[in-house]
Amino acid sequence: MGETTNRAEEVVARCRRLALFSEDPGSTRRTFLSAPMHDCHREITGWLTPLGADVRIDAVGNLRGFYPGTESKAPRLLVGSHLDTVPNAGAYDGVLGVVLAVALLESLDGRRLPFGIEIVGFSEEEGVRFGTPFIGSRALTGRFDEELLNRRDAQGVSVRDAIKNFGLNIQEIPQAALENDILGYIEFHIEQGPVLETLKRRLGVVDAIAGQSRLEFTFIGRANHAGTTPMHLRYDAIAGAAEWITAAEREANKIPGLVATVGKIEARPGATNVIAGEVRMTLDVRHGLDEVRTRAVEELIRATGEIAKRRGLSVSHRILLSQPAVRLDLFLVSEIEHAIRKTGCQPHHMVSGAGHDAMILAEKVPAAMIFLRTPGGISHDPAESVAIDDVAKAIECGLHLLDQLAASPTFQKRMCRA
């Protein structure tokens, strides 16, 4: 266990080092194909190359490090997570899954398995720069289309231009797609919530990932002077938006398992002494059952119309994302549960409320996830942390899992089909 603990300490130190590669001095922000991503790629390549892994950066900036199996044409198992962050981020969300994958290769100490292992550090999962998440994993599933290439960030730079500016070739994007030799995808990730800590469990098995709807609403009223316009003659877009936000909160509280979040609000003209004539805001709705999520979204859209009509406003909306809930692979989930038990830990089965690259890859290949306990349930914040002992158990779990898959007759059949 001493060697595993030392490796866990190195994993944490490496995550903290990668957190220094940032667009913002004094805090961590690393968005899709920003300059600090070059530093991440260089650092991780320096860890992988001595292990005998062949490292490349694909056309959308995903880092791909391939560790061969016993046979030259052996199929491959993907292990990884994302390298981008939210603004003012912690050091572990996403990145931990990539660094843990490197630690698993190091722990093999040159040993080859009947399958190759491809480590993937996805270039984008959070959706910060272009308002669209999972850009990296979409490329692996062949879902990278013209509409996505033409999306623009706040500075007017398109995804197409960002790829070119990073030194990549958009013509090679189809080559990033997975071939038919993939056995599955495994992702280690911090829970980003308090459940495992509350239950005093170190590791969790993710059975499913909740579906997500992301929308943008715009309330239009009439801007006017704040001091001279009587209250009963106002068409206040902010007041209408505020009424709807509290209605959304009430709706979410009525339905078990549903969460609804208004995370961004922009008011125009945005002056202290002017009644807002326009308010734009986002809505994020999630639930493990798609029909529940869809009904809630429909109800919240209907509520905007009622509120706007009563207040003399107009309202419009557009859908930014509609991602179905995903059931993860039953065989891999069962093998992960068995691997966790081998570490001496009691596994906990759970649904992830957060979206992950695993839900995109699950469209094409068997996918599964292992959660690590998040102290305090804090994520997307500099206070985000992990416990060394939990990381050590995750490494131990990962090694058991690799050995189980290598010896599994069921997995052998998958390899034959691949």
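**Group meeting: helix packing and a few side chains**

D329 is buried in this model, with a relative accessible area of 18%. The cut-off for buried is under 20%, so D329 falls on the buried side. Hello everyone, and before I go on, please keep in mind that this is a predicted model.

Let me stay with D329 for a moment. Where does D329 sit? D329 is in the loop between strand 14, residues 326-327, and helix 10, residues 330-342. What does its side chain meet? A polar atom of the D329 side chain lies 3.0 Å from the backbone nitrogen of L332. If you leave aside neighbours within four places in sequence, D329 is in contact with P366, A367 and R414.

Helix 3 covers residues 95-108, and its axis comes within 10 Å of the axis of helix 2, residues 36-48. The two axes cross at roughly 15 degrees. Angles under 35 degrees count as roughly parallel, and helix 2 and helix 3 are therefore roughly parallel to each other. Helix 2 passes helix 3 in a left-handed crossing. Which residues make the contact? From helix 2 we have I44, W47 and L48, and from helix 3 we have V98, V99, V102 and L105. By class, that contact has seven nonpolar residues, no polar ones and no charged ones.

Helix 3 also meets helix 12, with axes that come within 10 Å and cross at roughly 60 degrees. That angle makes helix 3 oblique to helix 12. Is this crossing left-handed or right-handed? The crossing of helix 3 and helix 12 is right-handed. On the helix 3 side the contact is made by L100, A103, L104, S107 and L108. On the helix 12 side the contact uses V391, A394, I395, G398, L399 and L402. Sort those by class and you get nine nonpolar residues, two polar and no charged.

While we are on helix 3, have a look at E106, which is found in that helix. E106 is buried, with a relative accessible area of 14%. What does E106 touch, apart from residues up to four places away in sequence? The list is R7, E10, R14 and L51. With R14 there is a polar contact of 3.0 Å between the two side chains. One more distance here: E106 and I117 are eleven residues apart in sequence, and their C-alpha atoms are 12 Å apart in space.

Next, two arginines in strands. R76 lies in strand 3, residues 76-82. Its side chain makes a polar contact of 2.8 Å with the side chain of E118. Leaving out neighbours within four places in sequence, R76 is in contact with F66, G116, E118, D181, I182, L183 and G184.

The other arginine is R56, in strand 1, residues 54-57. Buried, exposed or partly exposed? At 39% relative accessibility, R56 counts as partly exposed. Beyond its neighbours within four places in sequence, R56 is in contact with N62, L63, R64 and Q175. R56 and H41 are 15 residues apart along the chain, and their C-alpha atoms are separated by 9.2 Å.

Last topic: some backbone details in loops. Most residues other than glycine have a negative phi, and most peptide bonds are trans. Against that background, what is the phi of K200? K200 has a positive phi of about 60 degrees, although K200 is not a glycine. You will find K200 in the loop between helix 7, residues 195-199, and strand 6, residues 203-209. K200 counts as exposed, at 69% relative accessibility.

H380 is another non-glycine residue with a positive phi, near 55 degrees. H380 lies in the loop between strand 16, residues 367-372, and helix 12, residues 388-407. With a relative accessible area of 36%, H380 is partly exposed.

And what about the peptide bond from R268 to P269? That bond is cis, with omega near 10 degrees. P269 is found in the loop between strand 10, residues 265-268, and strand 11, residues 274-275.

Note on methods:
Residues numbered from 1 in each chain as written. Predicted model: local features only at pLDDT ≥ 70, side-chain atom pairs only at ≥ 80, totals over all residues. Heavy atoms only, no water. Axes fitted to C-alpha atoms, helices over the stretch in contact; angles between N-to-C directions. Helix = DSSP H or I, 4+ residues; strand = E, 2+ residues; numbered from the N terminus. Parallel < 35°, antiparallel > 145°, perpendicular 65-115°, else oblique. Left-handed = near helix turned anticlockwise from the far one by under 90°. Contact = heavy atoms within 4.5 Å. Nonpolar A, V, L, I, M, F, W, Y, C, P; charged D, E, K, R; others polar. Buried < 20%, exposed > 50% of the residue type's maximum accessible area, 1.4 Å probe, protein only. Polar contact = N/O pair within 3.5 Å; in protein donor to acceptor, adjacent residues only side chain to side chain.
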